[in-house]
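Please keep the structure in view while reading.

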Amino acid sequence: MFSFHYVPILLSILKACGVVFLLLLARGVIWLINLLIVAPMSDPLKNMQGPEGSALQNHFREVMDPSVSPDTHENWCKAYGKTFRFNGFGKHDYRLMSLDFRVVSHVLNSTIYEKPWQTRTILSKLLGRGVFAMEGEEHKVLRKLIMPAFSTQAVKAMTPIFFQKAEELRDRLENMISHPPSNSSASLPPLPPPPYSSPQSLAETIIDIAHWTSRATFDVIGLAGFDYQFHSLEDDSEEMYLAYRNMFRVADKGPGLKGLLKLYFPIIEKLFPDESSQVTNESLRVIYNVGKQLVENKKSAILAEKACAKDIKDKDILSLLIKSNLSTDSSNRLSDADLLDQLSTFLFAGSDSTSLAISWCTHLLSLHPDIQTRLRDELLSLSPCASNASTSPPNSAHAQTDAIDSLPFLDAVIRETLRLCPPVHGTIRVATRDDDIPISSPILLRDGTVIRAGETIPIRKGSYIHIPIEALNFSTDIWGYDARTFNPERWLSLPLQARSPAHPGIANLMTFSFGPHACPGWKLSILEAKIFLTTLISHFIFEPAADIQKYNAILTRPYVYDQFEYGTRLPIKIGRYAV
């Protein structure tokens, strides 16, 4: 029975709770006032020129949607110069964007600027704490450990695998031409007409090239990265491949409002799990279990060879990392959990980015039959066995690889594709302390002050800097008036600006970024794409099958116009090439 003796105690508790609530409310109000009013008044970016917007208006779509971002970047550069600010989550969240290579180089090379914690949290959730989610000394140590796996010599040692999987993909496509698949896509709406159609079509079978290259490159990184055969080209329901596809099918939809709230309040996911959380967690469980077995098997094999005093010759990424763990230098060691995170990271980065490069290249060639014909003529000038190197002796395979790698027009086609269709649309950094950023192009501030070339602009701790990779790749100042046109010929005589030391990107491209966080596998990606295209273009004719558009998720992916809800697809017509 309730006793009135407890009333004073209850009143004291309620009073204490009320005080706590009021303190929290006051703290929240103070934080909000500081965020929306006080802090913006002292932000150096408030005096920068840039697009206007209401108090809570953002410019994220203008910056990140590929259907409008090229025009946005060009118009903003014309109006405000190469360095300007725009609204993040509102006027209180001014963000810097720059196409000035002095600014870009400073930000991407300085230890002051890191990936925001939000970006690292998303990447860690999907891929573990891999090299792309790390910063500081951890990143530096890990990058040093993995770089030998991406040396020119190491990449060339992987080329028999590239040829093998390219030939398996060719055979699968050949079989589909001979025996067109049943209408498994009956639930899909008709394809909208492509922007270009050949008057006399030689290709009738329609395939989703993005789907098939994804399966092929997943097999490649399985063998080249971990000496493991996933067989995803044979069966797209293979456990590991399916787990990745399901996970990124969900992730590619974007975080949405609930996803953003989960970043700041992780407890929401535990209290109110939704389908995306369930799919992601189940996929991660599969990836972890398969990866754990891979690490244990490889470690046992290497320890057995070491016990027998045998020279460990495996050059796959996982072997190199495990061998580093056997070093007496503790700084060269990774825990099994770290090994799993790197495995997950490279399965994603090593398969999806290259798959997209091959898919976009095939699509662009289908839209430009004259360029496709010119490339095919160059490829057919190779010896007949150049595209069947998987069955050749190693020395012969390496010679054939060198022959393919030295083809000038093939190289130009690949680089032009990577310029127009970079897998990553842009990147972002946050200042970890106040800094002064040097510029090479003058800036006119809102109050009429001019900051001249060679001077600096102040940036405060916590400010975000957006590096627009697509905009830099589309810049008419660098690539000429036809910067948005697919023109591989430009690479045979690069504009002076693109050859300038002021253009610091890898292989004259911002696609792979540069500096400490540059893509370590860029050589692998380019050579793998060359070998796949050599094999496919020599045997098939590709024609457009639909109007294809881009959308940005973690990577820039294709979809069929007005059919975004059906996910990533790149249907294309394919036919045999008749000599």
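Contact here means heavy atoms within 4.5 Å. The model is predicted.

## The five-stranded sheet

An open sheet is formed by five strands in the order β1-β2-β10-β5-β3, and the pairing is mixed. The edge strands are β1 and β3 (113–114), each of which pairs on one side only.

Strand β1 (residues 83–87) and strand β2 (residues 94–98) run antiparallel and are joined by five bridges. Between β2 and β10 there are two bridges, and these strands run parallel. The pairing of β5 with β10 is antiparallel, over four bridges.

N87 has Y94 in β2 as its bridge partner. M97 stands opposite H466 in β10, and H466 is also the bridge partner of I428. Y113 stands opposite A431 in β5.

How many residues of strand β1 are buried? Five of the five are, so the strand is largely enclosed by the rest of the structure. In a regular strand the side chains alternate between the two faces of the sheet. In β1, T83, R85 and N87 point one way, F84 and F86 point the other way, and all are buried.

The hairpin of β1 and β2 has six residues between the strands, and within it G90 takes a positive phi near 150 degrees.

## Helices across the sheet

Helix α8 (residues 159–178) contains 20 residues, and its first and last C-alpha atoms are 29 Å apart, close to the 28 Å expected at 1.5 Å a residue. Among its buried residues are I161, F162, K165, L169, L173 and M176. An α-helix has 3.6 residues a turn, so residues three or four places apart point the same way.

Helix α10 (residues 239–251) has 13 residues and reaches 18 Å from its first C-alpha to its last, close to the 18 Å expected. The buried residues of α10 include M240, Y241, Y244, R245, M247 and F248. Y241, Y244 and F248 also belong to one aromatic cluster, together with F218, Y228 and F230.

## Aromatic pairs and charges over rings

The structure holds 15 aromatic pairs. One of them joins Y551 and F564, whose ring centres are 4.9 Å apart and whose planes stand at 90 degrees, so the pair is edge-to-face. This pair links distant parts of the chain: Y551 is in strand β12 (residues 548–552), while F564 is in the loop between β13 (556–560) and β14 (571–576), 13 residues apart. Is F564 buried or partly exposed? F564 is partly exposed, with a relative accessible area of 40%. The rings of F564 and Y559 also pair: their centres lie 5.3 Å apart and their planes are at 90 degrees, so the pair is edge-to-face. Y551 is buried, with a relative accessible area of 8%, and Y559 is buried at 15%.

Two positions show a charged end over a ring. The charged end of R95 sits over the ring of Y464, 4.2 Å from its centre. The charged end of K550 sits over the ring of W360, 5.9 Å from its centre.

L492 lies in the loop between α20 (476–479) and α21 (496–499). This residue is partly exposed, with a relative accessible area of 40%.

Which residues are in contact with L492, leaving aside its neighbours within four places in sequence? They are R374, P408, F409 and A412. L492 and D411 are 81 residues apart in sequence, and their C-alpha atoms are 9.3 Å apart in space.

Methods
Residues are numbered from 1 along each chain as its sequence is written. This is a predicted model: local features need pLDDT of at least 70, side-chain atom pairs count only at pLDDT 80 or more; totals for chains, interfaces and linings use all residues. Side-chain values use heavy atoms; hydrogens and water are left out. Buried means under 20% relative accessible area, exposed over 50%, partly exposed in between (1.4 Å probe, protein chains only). Two strands pair if DSSP finds at least two bridges between them. Rings of Phe, Tyr and Trp (its six-membered ring) pair if their centres lie within 6.5 Å; planes under 30 degrees apart count as stacked, over 60 as edge-to-face and the rest as tilted. A charge sits over a ring if NZ of Lys or CZ of Arg is within 6 Å of the ring centre and within 35 degrees of the ring normal. The expected span of a helix is 1.5 Å times one less than its number of residues.
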